[in-house]
Amino acid sequence: KDENKPIFLSVGYSTCHWCHVMERESFENDEVAKLLNDNFVAIKLDREERPDVDSVYMTYIQATSGQGGWPMSVFMTPDLKPFVGATYLPIDRFSFALKDISEKWNSMGDKLEEEGERIVTALRQLVAQPRGGLAETLDKDFLTLGCKTASDIFDDEHGGFGNAPKFPRPCVFEMLFAMWKMGEDESVASDARDMALFTLEKMAKGGVNDQLRGGFHRYSVDRYWHVPHFEKMLYDQSQLAIAFLQAFQVTKDTLFESSARGILDYVASDMKDEATGGFYSAEDADSEVPFGAAEGPTKAEGAYYVWTSFELKLVLGEQNAGMFCEYYGVSQEGNAPAASDPQGEFEGKNILKVSKSLSEVAESEGKTIEEVRRVTDHKACPTK
């Protein structure tokens, strides 16, 4: 207020890949830093430490743009009233925004303050709107409506609901299984069950599932569940373990059993703090580049999880690598579709996904199913 500067608030968290990208691109850039410090009061906030503040401004971002995410970038008046908001901004757009908003603040700051006041008033009215009373039980009508909504956006080719990016939706699986168990309408019930099982199968075989270490990445950037955003969240693991256990109870399919075990084994080994018995909330999408990069960044998104065919031959030997690569869809050129990798981060690299059955690989390689299983079983496989 003393300097009559607008505030720039950036909200993120430690394991967020795009938060780190914006940090490296913009916040560590001398020119951008000067623009920011000369014309704004800059505040960096960890949403895990202050979820209350994050929630307030995320409500604004979602109400004005229809979507949200992190890093969250909010420009506001000295009285904390937002007037411009976005998520990740590439350096060129961020630099333009800083110049443009600074000029507007100096020439028409009163208008921006009025806009901030209008937005705060509208948000207060939105929050104050009476909401329908919560039903004591989820009856058939609620579940039928939910299943119809899910069916309308169901991807019957690759599983999941809606377009890319595709997030795991454990609560949707729970609803679909509840509809199946209710079973009053056999056709609706079987459709609900089949949507859940088909999606969980595609997820279990896809790159969104860490095929070697266990556990699921946060979401898939494509509709195929192949190329993930490599961050892993504790809340996803806890809910998806239940979903896969439900799928196993319905089908007795060992794919679902092994997926649930993979999640629980991963959480117990990688997300647990042995000293306190507590659990970490998330694992970073960025990991150390293997074998020590001579030049360039020492960390990259998914570096721990992606493989070149050469690395696999080096670790497994020529013959075993052949079986492994055929089963997990590994190629010398890399297996990430170009449309799923617009930045070219995974050129020549492979994100493991189940591409063939054990019997198909056994027949192709002239091996027994058990021999192929021993090579491809995640418990016996290498990790970086």
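Modeller: Gladly, and please keep in mind that this is a predicted model. Let us begin with C19, which has a relative accessible area of 5%.

Biologist: Why is C19 called buried?

Modeller: Buried means under 20% relative accessible area. C19 has 5%, so C19 is buried.

Biologist: And what makes C147 buried or exposed?

Modeller: The relative accessible area of C147 is 5%. The limit for buried is under 20%, so C147 counts as buried.

Biologist: Let us turn to the strands. How do you know that strand 1 is mostly covered?

Modeller: Strand 1 spans residues 7–12, and six of its six residues are buried. Both faces are covered: I7, L9 and V11 lie on one side, with F8, S10 and G12 on the other.

Biologist: What makes strand 1 and strand 2 a pair?

Modeller: Two strands pair if at least two bridges are found between them. Strand 1 and strand 2 (residues 41–46) are joined by six bridges and run parallel, so they meet that condition. I7, for instance, stands opposite V41 in strand 2.

Biologist: Which way does strand 3 run against strand 1?

Modeller: Strand 3 (residues 72–76) runs antiparallel to strand 1, with five bridges between them. Here L9 stands opposite V74.

Biologist: How many bridges join strand 3 to strand 4?

Modeller: Four bridges do, and these strands run antiparallel, with strand 4 covering residues 82–86. M76 has P82 as its bridge partner in strand 4. Strand 3 and strand 4 form a hairpin with five residues between them, and L80 in the turn has a positive phi of about 70°.

Biologist: K81 lies in the loop between those two strands. Why is K81 called partly exposed?

Modeller: Partly exposed covers the range between the buried limit, under 20%, and the exposed limit, over 50%. K81 has a relative accessible area of 22%, so K81 is partly exposed. Leaving aside neighbours within four places in sequence, K81 is in contact with M76, G116, E117 and V120.

Biologist: How far apart are K81 and K349 in space?

Modeller: They are 46 Å apart, C-alpha to C-alpha, and 268 residues apart in sequence.

Biologist: Finally, what does the whole chain come to in helices and strands?

Modeller: The protein chain has 13 helices and ten strands. Of its 384 residues, 41% count as buried. The chain also carries 40 positive and 65 negative side chains, and the centres of the two sets lie 1 Å apart.

Technical notes: Residues numbered from 1 in each chain as written. Predicted model: local features only at pLDDT ≥ 70, side-chain atom pairs only at ≥ 80, totals over all residues. Heavy atoms only, no water. Buried < 20%, exposed > 50% of the residue type's maximum accessible area, 1.4 Å probe, protein only. Lys, Arg positive; Asp, Glu negative; His and termini not counted. Charge placed at Lys NZ, Arg CZ, Asp CG, Glu CD. Contact = heavy atoms within 4.5 Å.
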